[in-house]
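I have put my notes into numbered points, and I hope they are handy as you look through the model.

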Amino acid sequence: MANPISKCTLPLLLGGILILGSTGLIRAADPIRIGAPLSLTGSLADEGGKEQQGLDMCIAAVNAKGGVKVGADMRKLEAVKYDYQSETSRAVQIVQRLLTVDKVDFLFAPYGSGDTKATAVLAERYNIPMVATSAASEAVYDQKGKNLFGILFPNNAMVQTEVKYYKERVPQAKKLAVFALNSLFPKAIAAALRDTAAKDGFEVVFDGLYSQGTLDFANALTQIKAGNPDWLYATGYIQELIVIRRQMDNLGMTIPIVTMTAGAAYPEFEQNLGPLSNNVTTNAWWHPSATYKDSYIFGGAEQYTATFKEKYKKEPTYLEAAATAGCEVLVQSVEKAGSTDPEAVRKQLSTLKFETFYGPIQFGPSGQNAINSPMILQIQNGKYAVLDPQAVKTGELKVGVGTK
Amino acid sequence: MIAQYIANGLLIGSLYACLAVGFSLIYGVLNIINVMHGSFVVLGAYVTIYCTLYLGVSPLIAAMIGCAVLFAFGYLVQRHLINEVVTAPIFISFTLTFGLDLLLNNAMIQAFTATPRSLILNYGSITIFNVSLSIARLGAMVLALVLTGLLYWLLRHSQMGRAIIAVRMDHYAARLLGIRVEHIYAITFGIGALMAAAAGAAMAVVFPITPLLSGVFLGKAFVICVLGGLGSVPGALVGGLALGLLESFGAVVFGSQWSTTVGFALMILVLVVRPSGLVGRKGFE
């Protein structure tokens with residue numbers, strides 16, 4: 001009789017070799033690379049830094065759970081970052097480089113509507129999906145491409161909510177003053193607000209623009225003061241808005257409602273102005289107090305905020321959150337598609353509805369997020385109170401900015 | 001309301017004057033376009049802000065510290081770097097200061113980050129005859145005018161000042177008369193940097209400061225010097241006030257977004273019609 005051990009030996013040996021061999025075959029697959037042009041220096045350095053933090057949060061969370069599941073492989077996620085120094089022309093060059101030299105799998109758009117629109121053309125030409133996490137103007141998405149996906153919902157949705165909210169709460173407010181920075185997003189959202197408000201019965205007593213690098217707003221503000229508005233809507237980025245608020249105080253202006261965007265939603269606004277920031281309202285595309293749940297990473301807005309605070313020692317704003325969410329929807333699309341093929345991933349991005357800690361995201365036909373969840377915030381005694389939506393509000397509108 | 005516009009124009013105009021006077025002096029005496037001027041202003045502003053916030057001194061003392069630091073810095077930079085090319089064609093020194101500015105500006109971005117910082121001084125405002133004036137801006141205006149006046153006095157009535165004028169007129173002759181020309185050059189550059197720091201301290205009270213503003217300040221200094229006349233302290237004063245008033249009324253007539261354009265358009269006009277500036281003469285004071 002054959003030795004039972006020797007009878008089993010060969011199959012066992014072969015089996016053993018196969019098992020050992022196959023573990024050797026499971027080598028680490030190449031990481032998935034997201035190309036990220038970031039404005040880490042220059043006039044948008046603050047915003048670029050926030051985007052980077054948001055992106056890093058997502059990458060860390062995804063890699064912590066093993067990476068991205070692409071078919072049978074687990075692949076790590078990584079970002080290829082370059083600093084475009086807040087110069088649009090350099091952003092375009094860097095995106096070109098990311099596509100042709102680094103050959104990244106996907107792209108992140110640079111900061112802001114203007115730079116996003118400029119670089120979206122390249123994504124279209126090379127047919128690589130690009131996620132825009134800081135562009136809200138509808139004009140960005142009108143180039144009839146299919147590769148640009150915007151996390152922030154359109155300006156129009158934001159201003160409609162604002163007009164409705166203030167009209168309900170302060171029905172005696174009739175006169176509106178609009179003062180906008182002459183740049184894509186601030187100009188667009190101011191124009192959208194002006195048109196929406198005018199249709200809703202507001203009288204526009206002042207409608208002006210100012211250019212970048214303006215150091216003195218006293219004269220425009222003097223004119224605005226003369227018009228005696230009930231609502232001032234000032235747009236720009238953080239630096240200008242700080243000076244505008246200061247000079248309003250210098251001129252002794254008191255206005256029932258003062259809304260400033262974008263930049264007033266960032267903590268640096270309140271830090272620089274101190275008590276002058278009291279009762280200034282702003283809008284946001286997300287806020288840490290939101291109650292959204294997320295089954296993919298973080299678990300929900302609360303946990304995201306806690307993790308962010310632990311890592312960066314400050315609260316996240318909608319900018320960081322949108323950057324994280326942008327990376328998240330990309331990764332989820334890759335997993336659903338089972339590959340990094342741009343066509344397959346694009347199909348998933350265009351059709352799926354994502355439930356994230358940032359809120360529900362579903363990209364409409366133009367590529368922009370079609371689910372609107374505008375939030376209205378007000379700075380009350382150094383803290384941000386959420387005024388709207390009613391489901392998550394933490395405070396009521398306090399009327400009067402600049403009252404002594 | 002016209003009174004308010006005039007007041008606004010004068011308030012910002014005196015800041016502009018202080019901004020330009022250092023630049024004008026360096027250009028006039030050393031024949032150097034100091035591209036670092038904007039960065040000096042920002043550095044002075046930062047020193048003021050940090051001294052006020054972390055050393056707890058009053059903004060005025062912090063401003064003086066800023067002036068002293070920048071004076072020393074300017075002196076050293078000129079004596080050891082720019083002095084090598086001070087007699088070379090203006091393009092060479094322009095390139096050198098441009099390169100140094102790139103270094104300085106990016107060093108500041110690294111050190112301070114681009115996040116805007118400012119001094120939160122809530123001094124309030126006063127109203128005279130229906131014109132609202134911010135106390136902080138008034139203080140900045142006074143500081144700017146006093147320092148400009150001091151500089152004017154220095155140039156006219158002190159030994160150092162006359163030596164500076166002499167070097168400017170003819171540095172060979174000045175050397176023959178026993179004036180240490182390298183030292184005078186460096187002192188002048190230091191004074192230019194000091195005035196920039198003073199302007200920066202004044203700015204810190206009214207605007208949030210970031211290193212990215214240096215280009216804006218340099219542009220303004222340039223326009224003012226052309227408007228008022230290069231190398232002349234009264235010229236910088238007149239030019240600064242003129243620009244302030246022009247931007248003020250330009251904003252009202254054409255809209256805020258045109259105020260910078262109005263300034264530059266006027267600069268071109270002055271270059272064509274009266275190249276020596278409104279107050280400048282083809283000579284020295």
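1. Leaving aside its neighbours within four places in sequence, which residues is Ala198(B) in contact with? They are Cys18(B), Gly44(B), Ala63(B), Cys67(B), Leu143(B), Ala144(B) and Leu147(B). Please keep in mind that this is a predicted model.

2. Ala198(B) also features in the largest nonpolar core, which has 229 residues. The members that touch the most others are Ala322(A), Leu15(B), Cys18(B), Ala144(B), Ala198(B), Ala199(B) and Ala202(B). The element that gives the most to this core is helix H8 of chain B, residues 181–206, with 19 residues. In chain A, domain 1 (32–153 + 292–361) and domain 2 (156–284 + 375–392) both contribute residues, so the core lies between them.

3. Now to those two domains of chain A. Their centres, taken over C-alpha atoms, are separated by 29 Å. Where they meet, 13 residues of domain 1 are in contact with twelve residues of domain 2. On the domain 1 side, helix H4 of chain A (residues 112–126) supplies the largest share, three residues. That side is made up of four nonpolar, five polar and four charged residues.

4. Of its 404 residues, 53% count as buried. If you take the contacts in chain A between residues at least 6 apart in sequence, 66% of them join residues at least 24 apart.

5. Is strand E1 of chain A (residues 32–38) enclosed or open? Seven of its seven residues are buried, so the strand is largely enclosed by the rest of the structure. Ile32(A), Ile34(A), Ala36(A) and Leu38(A) point one way from E1(A), while Arg33(A), Gly35(A) and Pro37(A) point the other way.

6. Which strands pair with E1(A)? One is strand E4 of chain A (residues 77–83), which runs parallel to E1(A) and is joined to it by seven bridges. Within that pairing, Ala36(A) has Lys81(A) as its bridge partner. Another is strand E5 of chain A (residues 106–108), also parallel, with two bridges. Here Ile34(A) is partnered by Phe106(A).

7. For an antiparallel pairing, look at strand E12 of chain A (residues 281–284), which four bridges join to strand E17 of chain A (residues 375–380). Thr282(A) stands opposite Leu377(A) in E17(A). Thr281(A) and Asn283(A) point one way from E12(A), Thr282(A) and Ala284(A) the other, and all are buried.

8. On to the contact between the chains, which takes 32 residues from chain B and 31 residues from chain A. On the chain B side, helix H1 (2–30), strand E1 (125–128), strand E2 (131–134), helix H10 (233–254) and helix H11 (259–273) each supply at least two residues. By class, this side has 13 nonpolar, 17 polar and two charged residues.

9. One last stop is H10(B), one of the elements that touch chain A. H10(B) has 22 residues and reaches 30 Å from its first C-alpha to its last, close to the 32 Å expected at 1.5 Å a residue. Just after the helix, Gly255(B) takes a positive phi of about 110 degrees.

Conventions
Residues numbered from 1 in each chain as written. Chains lettered and ligands numbered in written order. Predicted model: local features only at pLDDT ≥ 70, side-chain atom pairs only at ≥ 80, totals over all residues. Core = buried A, V, L, I, M, F, W, Y, C linked by C-beta atoms within 7 Å. Buried ≥ 20, exposed ≤ 12 C-beta atoms within 10 Å, placed from the backbone. Domains from an automatic or database assignment. Contact = placed C-beta atoms within 7 Å. Nonpolar A, V, L, I, M, F, W, Y, C, P; charged D, E, K, R; others polar. Expected span 1.5 Å × (residues − 1). Pairing = 2+ DSSP bridges.
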